[in-house]
Amino acid sequence: MKSGLKLIIFTLLTLMVLLSACNSSNEVDGAKGNSKDNGSDGKLVIGFSQVGAESEWRTANTKSIQDAIKNAGHELQFSDAQQRQENQISAIRSFISQGVDAIVFSPVVETGFETVLQEAKDAGIPVFLADRSVDIDDDSLWVTFIGSNFVEEGRNAARWLVDEMSDYDGDVSIVELQGTVGSAPAIDRKKGFEEIIADHPKFKITQSQTGNFTRTEGQEVMESFLRSDGENIDVLYAHNDDMAIGAIQAIEEYGLKPGEDVIVIGVDAVRGAFEAMVEGKMNVTVECNPMFGPQLVDLIEDYFAGKEIPKRVDVEEDVYTMDQAADLIDSREY
Ligand code: AHR
């Protein structure tokens, strides 16, 4: 081959290598979209790794996100982790090897995802955290978080209790049903609640154990709380409504009246909690809104349009009490 031709071929090959390197270093650099080319029709392939199906809340959240992705004309790859971190890591790796355009990820627990999120970043696939966040120093490993302020939910539960029992003189014995160990809502709802009662020494958490956010475990753990100190429990603080509903059954079977003998506080504001409140068996539920699917899809589309998006988006939430329940139950979306 002539040396001139060799030079042209060498130059062309070098250019091709440089171009492909640029393409694969599509940075997932936080709030600024990278306007990745996702085809002329704007249709994206979105992998969604969900926590599981442990609660009424989760079912509503899964549907909200799935419907929003499909209604916007995107393709959904869905994976249910059944509350196991190893399942989520495999699902994310499988999304990466399929070459999805974006990953939506609701982490079972806060820690231990650095490696797999780095793999997604290296592959140029942006990760959107939904509902639960991760405890990782390098926040360039995900684009944005959308969900609730769990610490504030814990504070709201405690504020309601402090106000409700402001005239009560004695010590108040609280049993706590925690969510999944190591998960953001379990850590933060405990933290927020304890922060508020710390200023009111009569409120004491006397027993605290995980019920893994499920009705069955909520009931079982409440049975053991009651067995060990049944007559002295004043308040149940459950990190979600499903555990509160399971515990209500345990309280009734023990021969006490939930909502009267034992004050019952839940989190989520699911329909089941409203039904329990209408029946007078639950006193209050702190809302955790799962219906953010459409907002999440807007964020993903904005990112691919190259728009600036916030690093954190909090959804709006309220607190609902027993005396409001009958009026509101029919208007609840989930
Ligand atoms: O992460 C949100 C929490 O997870 C909800 O409060 C609970 O019901 C769910 O399992």
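**View 1. The shell around the ligand has 4 nonpolar, 2 polar and 6 charged residues.** Here Ala, Val, Leu, Ile, Met, Phe, Trp, Tyr, Cys and Pro count as nonpolar, Asp, Glu, Lys and Arg as charged, and the others, Gly among them, as polar. The model is predicted: local features need pLDDT of at least 70 and side-chain atom pairs pLDDT 80 or more, while totals for chains, interfaces and linings use all residues. Residues are numbered from 1 along each chain as its sequence is written, and side-chain values use heavy atoms, without hydrogens and water.

**View 2. Polar side-chain atoms face oxygen atoms of the ligand at Glu54, Arg132 and Asp268.** The distance is 2.4 Å for Glu54, 2.8 Å for Arg132 and 2.6 Å for Asp268 (a polar contact is a pair of N or O atoms within 3.5 Å). Taken alone, the ligand exposes 280 Å², and the protein buries 100% of that (Shrake-Rupley method, 1.4 Å probe).

**View 3. Helix 2 (56-71) and helix 6 (184-197) are the elements that each give two or more residues to the shell around the ligand.** Helices are DSSP runs of H or I with at least four residues, numbered from the N terminus. Residues around the ligand (a heavy atom within 4 Å) include Trp57, Arg58, Pro185 and Arg189.

**View 4. Domain 1 (45-146 + 291-314) and domain 2 (150-288) each supply at least three residues to the shell around the ligand.** The domain bounds come from an automatic or database assignment.

Technical notes:
A polar contact is a pair of N or O atoms within 3.5 Å; within protein, one must be able to donate a hydrogen and the other to accept it, and residues adjacent in sequence count only if both atoms are side-chain atoms.
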